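Okay everyone, thanks for coming. Let me put the structure up on the screen, and then we'll walk through it piece by piece.

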Amino acid sequence: MNFTPTRIEPCVFVKQTKHRPLYVAIHVDDGLFIYDTKKQKHKFIKELKQHFGVKTLGFPRTFLGVNLIRYKDGSILLHQTDYTKSLL
């Protein structure tokens, strides 16, 4: 699939595309990917399903203990409020 692990984090992979890079983070049986366009998203999911049995669950509320909130303007907030509360 032409992904290369990043130098800093071996569980994060990058693939150069015509537009912007496509990033994929994998941890055990969970994955998260960052894409630029819906076309890029659909192409990646189609290619992934050719190689692996995958389920797409939509935008994640959490990933590896990090909460994610997507705003209408496309920005994403990452926070660990739930984790912090569990420590108190």
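Let's start with Glu 47, which has a relative accessibility of 19% and so counts as buried. For that word, buried is under 20% relative accessible area, exposed is over 50%, and partly exposed is in between, using a 1.4 Å probe and protein chains only. Before I go on, this is a predicted model, so local features need pLDDT of at least 70, side-chain atom pairs count only at pLDDT 80 or more, and totals for chains, interfaces and linings use all residues. Residues are numbered from 1 along each chain as its sequence is written, and side-chain values use heavy atoms, with hydrogens and water left out.

Back to our residue. Glu 47 sits in helix α1. When I say helix or strand, I mean DSSP runs, numbered from the N terminus: H or I with at least four residues for helices, E with at least two for strands. If we set aside neighbours within four places in sequence, Glu 47 is in contact with Met 1 and Lys 15; contact here means heavy atoms within 4.5 Å.

How many salt bridges does the structure hold? Two. The other pair to look at is Arg 20 with Asp 36, where the closest N and O atoms are 3.6 Å apart. Arg 20 is in the loop between β2 and β3, and Asp 36 is in the loop between β4 (30-34) and α1, so the pair links parts that are 16 residues apart in sequence. Arg 20 is exposed, at a relative accessible area of 54%, and Asp 36 is partly exposed, at 36%.

While we're at that loop, please find Thr 17. It lies in the loop between β2 (12-15) and β3 (22-27), and with a relative accessible area of 30%, Thr 17 is partly exposed. Not counting residues up to four places away in sequence, Thr 17 touches Leu 22 and Gln 40. The side chains of Thr 17 and Gln 40 are joined by a polar contact of 3.2 Å. A polar contact is a pair of N or O atoms within 3.5 Å; within protein, one must be able to donate a hydrogen and the other to accept it, and residues adjacent in sequence count only if both atoms are side-chain atoms. A polar atom of the Thr 17 side chain also lies 2.4 Å from the backbone oxygen of Arg 20.

Next up, the rings. A pair of aromatic rings is described by the distance of the centres and the angle of the planes. Rings of Phe, Tyr and Trp (its six-membered ring) pair if their centres lie within 6.5 Å; planes under 30 degrees apart are stacked, over 60 edge-to-face, and the rest tilted. A search of the whole structure turns up three aromatic pairs. One of them is Phe 3 with Phe 44, an edge-to-face pair at 5.7 Å centre to centre and 65° between the planes. Phe 3 is in the segment before β1 (4-5) and Phe 44 is in helix α1, so the two tie together parts 41 residues apart in sequence. Phe 44 is buried, with a relative accessible area of 4%.

Then there's Phe 33 and Tyr 35: their ring centres are 5.6 Å apart and their planes are at 40°, so that pair is tilted. Phe 33 counts as partly exposed at 24% relative accessibility, and Tyr 35 does too at 30%. Put together, Phe 3, Phe 33, Tyr 35 and Phe 44 form one aromatic cluster.

Last stop, the backbone. Most residues other than glycine have a negative phi, and most peptide bonds are trans. Now look at Val 28, in the loop between β3 and β4: Val 28 is not a glycine, yet it has a positive phi of about 55°. Val 28 counts as exposed, at 74% relative accessibility. Leu 64 also has a positive phi, near 55°, and its place is in the loop between β5 (62-63) and β6 (66-70).

Methods
A salt bridge is a side-chain nitrogen of Lys or Arg within 4 Å of a carboxyl oxygen of Asp or Glu.
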